[in-house]
Amino acid sequence: MLTLDKVYHAAFKLKEVIRNTDLIYAPKIRSDAEVYLKTENLQITGSFKVRGAYYKMSTLTDEEKAKGVIACSAGNHAQGVALAAQKSGLNAVICLPDGAPISKVEATKSYGADICLVEGVYDDAYNKALELRDEKGYTFIHPFDDEDVIAGQGTIGLELLDQLPDVDAVVVPIGGGGLISGIAYTLKTLKPDIKIYGVQAAGAPSMLTSVKDGKIEVLDSVSTIADGIAVKEPGEHTFEYVRKYVDDIVTVTDDEISTAILTLIEHHKMIAEGAGAVPLAAVMFDKLPIKGKKVVCLVSGGNIDVTILSRVIRRGLLKSGRSYQVNIALIDKPGQLKGVSQIIADLGGNVTSIHHERSSEGSDVNGCFLRIVLETRNFEHIKQIKDALTDAGYCIVQ
């Protein structure tokens, strides 16, 4: 049973293990709202997950502690459990699918856990973890659907009220629902008039569809860059807490998430993974009624793979009008490239790449195509360049 006493007890237990993460004012996010960032991406292991994992372990009996713990994850939960076990002096086994990124496997190992690589995908690793639990007597540390884990995540709510007592709304990512369950329960119990909003990726809206239909539903598939919240099925406990304490759930697209990640990098020198950036995306793209309010966006984690980060930045640049590719049909004669370049330069566009190719079979024998990638300021700047090229007689093609 989740109680406020349990959340306060978790905060006491966690005091010597975690850091109270900073709350940062973010004035450039919205001009019509007072936006703050709760920086759980700067938590130890780079995510909030260690809170719930450590508190769960603190509640185990001596017999359970002696047998150790087991978990299944390819991401933040694995590292949270591994570090929590290390701090608690327990043995930990983490089951990972054999295709998990090497960086995540090594990070989990670095916290002292034993790794069990399982052939297949996450579900195969999950089944293996349950098999080992039954065989060896380990305690399974669920990533979200456990009331002790939920209480540990709820300690973030206590910190928020200390840091910003007059907060009006808190925006939280939802995957399986453990994080928002703990925060929503804690804040609504202590300050009933506060608004709690959940955000899911448009490609993984399992909690949203379940709440809308009044019963837990399983998605056939999920697809999003926010892998930390790519959950097909919410938990039984979390579903009930979300239904009771969360005011609304919205979704954001991968392009919106990419833009939010880019905004955090540029304006706040902060790295967030996709799951951590979804609250900011919801606020930036006006998905919530927060005008004139004091709003906290929970940046839940910062463990983004660097290879993904470069792709995310490119998408974010395109989505925000900071990058533009223009294709121009030309007559292949001297001076054409100079004319196009002059127009772009005069309007302050910066050419980053250029490709010139002869026309294909069936087109004008003297024709050619010019493909130029530009750095631009915004969509208005792109329109100015397109209009100037068109007015000069150049033919822009898709």
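Which residues does lysine 49 touch, not counting residues up to four places away in sequence? In this predicted model, lysine 49 touches Asn76, His77, Gly80, Pro143 and Gln153, contact meaning heavy atoms within 4.5 Å. The model is a prediction in which local features need pLDDT of at least 70 and side-chain atom pairs count only at pLDDT 80 or more, while totals for chains, interfaces and linings use all residues. Residues are numbered from 1 along each chain as its sequence is written, and side-chain values use heavy atoms, with hydrogens and water left out.

- Lysine 49 lies in helix H2 (residues 49-58); helices (H or I, at least four residues) and strands (E, at least two) are DSSP runs, numbered from the N terminus.
- Lysine 49 is buried yet has no salt bridge, and the nearest side chain of opposite charge, glutamate 273, is 9.2 Å away.
- For these terms, buried means under 20% relative accessible area, exposed over 50%, and partly exposed in between (1.4 Å probe, protein chains only).
- A salt bridge is a side-chain nitrogen of Lys or Arg within 4 Å of a carboxyl oxygen of Asp or Glu; as to charge, Lys and Arg count as positive and Asp and Glu as negative, with His and the chain ends not counted.
- Lysine 65 is placed in helix H3 (residues 62-67) and is partly exposed, with a relative accessible area of 30%.
- Leaving aside residues up to four places away in sequence, lysine 65 touches Met57, Ser58, Leu60 and Leu90.

**Salt bridges**

- The whole structure contains 24 salt bridges.
- Aspartate 286 forms one with arginine 30, the closest N and O atoms being 3.5 Å apart.
- Aspartate 286 lies in the loop between helix H12 (274-284) and strand S10 (294-299), and arginine 30 in the loop between strand S1 (23-25) and strand S2 (34-39), so the pair ties together parts that are 256 residues apart in sequence.
- Within this pair, aspartate 286 is exposed at a relative accessible area of 54%, whereas arginine 30 is buried at 11%.
- Glutamate 159 forms a salt bridge with lysine 38, with 2.7 Å between the closest N and O atoms.
- That pair links distant parts of the chain, glutamate 159 being in helix H7 and lysine 38 in strand S2, 121 residues apart.
- Glutamate 159 is buried, with a relative accessible area of 8%, and lysine 38 is buried, with a value of 0%.
- Lysine 294 and aspartate 166 form a salt bridge whose closest N and O atoms are 2.6 Å apart.
- Lysine 294 lies in strand S10 and aspartate 166 in the loop between H7 and strand S7 (169-173), so this pair ties together parts that are 128 residues apart in sequence.
- Lys6, Lys56, Asp146 and Asp148 are linked in a network of salt bridges.

**Second largest pocket**

- About 250 Å³ of space lies in the second largest pocket.
- Of the 14 residues that line the second largest pocket, the closest to its centre are Ala11, Asn20, Leu158, Glu159 and Asp162.
- On a 1 Å grid over the protein atoms alone, a pocket is an open set of points where a 1.4 Å probe fits, with protein on both sides within 12 Å along at least five of seven lines; lining residues have an atom within 4 Å of a point.
- Helix H1 (4-14) and helix H7 (147-163) each supply at least two lining residues, and the largest share, 6 residues, comes from H7.

Note on methods: Grid points are joined across faces, edges and corners, and a volume is the space filled by probe spheres set on the points.
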